[in-house]
Amino acid sequence: MSMIVVISFILLHYRIGFDYDYTLVTYKDELLELIYQMALDRLIQDRQYPMEMKENRTLKYDPFFSIRGLAVDKETGWITHLSYTHKVAVAWEGRTKLPTSRIFDEYRNKRALNPLERKKRLKPLNDLFSMAECCLIADVIQFFNDEDIPYCAQNVVQDV
């Protein structure tokens, strides 16, 4: 059999590729660290974020902070974890865990968003590459809070 016939047979009878759940390939933390650093560099170079962020040693990918399945609130910049009933169970502003009272205040004393609000406000962070994005959003917001730099959370989320 010629090589072309073999390749044709494989392409017709098997589907070869990568799925979005990354079950065929495992990635190392070094890849997520690289994604984080490259995105941080782009924020500084292309979006004029403070150059001090580059020298700040706390701004680095943390594999223990984010997990797949979190969501970012596009209005507040909060990193949220939803319960199985779609209520905001836990939220972080930057790297600071928020008290339940602030969560209740933001989500009208019930912590739950109706499906339309949830779709509009919450961006799921459910693939592997979202873990670096989650860390960077939290770290940028924490940096701005620590340095008393005014910011718009919506812009941070969009820029990242």
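Throughout this tour, buried means under 20% relative accessible area, exposed means over 50%, and partly exposed lies in between, with a 1.4 Å probe and protein chains only. The model is predicted, so local features need pLDDT of at least 70 and side-chain atom pairs count only at pLDDT 80 or more, while totals for chains, interfaces and linings use all residues. Residues are numbered from 1 along each chain as its sequence is written, and side-chain values use heavy atoms, with hydrogens and water left out. Helices (H or I, at least four residues) and strands (E, at least two) are DSSP runs, numbered from the N terminus.

**First stop: the hairpins**

Select His-86, which sits in the loop between strand 2 and strand 3. His-86 counts as partly exposed because its relative accessibility is 39%, and its phi is near 65 degrees, a positive value in a residue other than glycine. Strand 2 and strand 3 form a hairpin around this turn, with 5 residues between them. The two strands pair (DSSP finds at least two bridges between them); strand 2 and strand 3 (residues 88–93) do so in the antiparallel sense over 4 bridges, and Leu-82 has Val-88 as its bridge partner in strand 3.

Next, follow strand 3 onward to strand 4 (residues 96–97), to which 2 bridges join it in an antiparallel arrangement. Here Glu-93 stands opposite Thr-96, and the hairpin has 2 residues between its strands, with Gly-94 in the turn at a positive phi of about 70 degrees.

**Second stop: Leu-113**

Now select Leu-113, in the loop between helix 4 (100–106) and helix 5 (115–121). Is Leu-113 buried or exposed? Leu-113 counts as buried because its relative accessibility is 6%. Not counting residues up to four places away in sequence, Leu-113 is in contact (heavy atoms within 4.5 Å) with His-86, Tyr-107, Arg-108, Arg-118 and Leu-122.

Select Gly-69, Leu-70, Ala-71, His-81, Leu-82, Arg-118, Leu-122, Pro-124 and Asn-126, which line the largest pocket. Strand 1 (70–73), strand 2 (79–82) and strand 5 (122–125) are the elements that give two or more residues to this lining. A pocket here is an open set of points on a 1 Å grid over the protein atoms alone, where a 1.4 Å probe fits, with protein on both sides within 12 Å along at least five of seven lines, and lining residues have an atom within 4 Å of a point. The volume of the largest pocket is about 170 Å³, taken as the space filled by probe spheres set on the points, which are joined across faces, edges and corners.

Which residues have the most contacts inside the largest nonpolar core? Select Tyr-36, Leu-40, Tyr-49, Met-53, Tyr-61, Ile-79 and Val-140, in a core of 29 residues. The largest share of this core, 11 residues, comes from helix 6. A nonpolar core is a set of buried Ala, Val, Leu, Ile, Met, Phe, Trp, Tyr and Cys residues joined through side-chain atoms within 4.5 Å. Leaving aside neighbours within four places in sequence, Met-53 is in contact with Leu-40, Ile-44, Leu-59, Val-140 and Phe-143. A second, separate core of 9 residues includes Ala-71, Val-88, Ala-91 and Leu-98.
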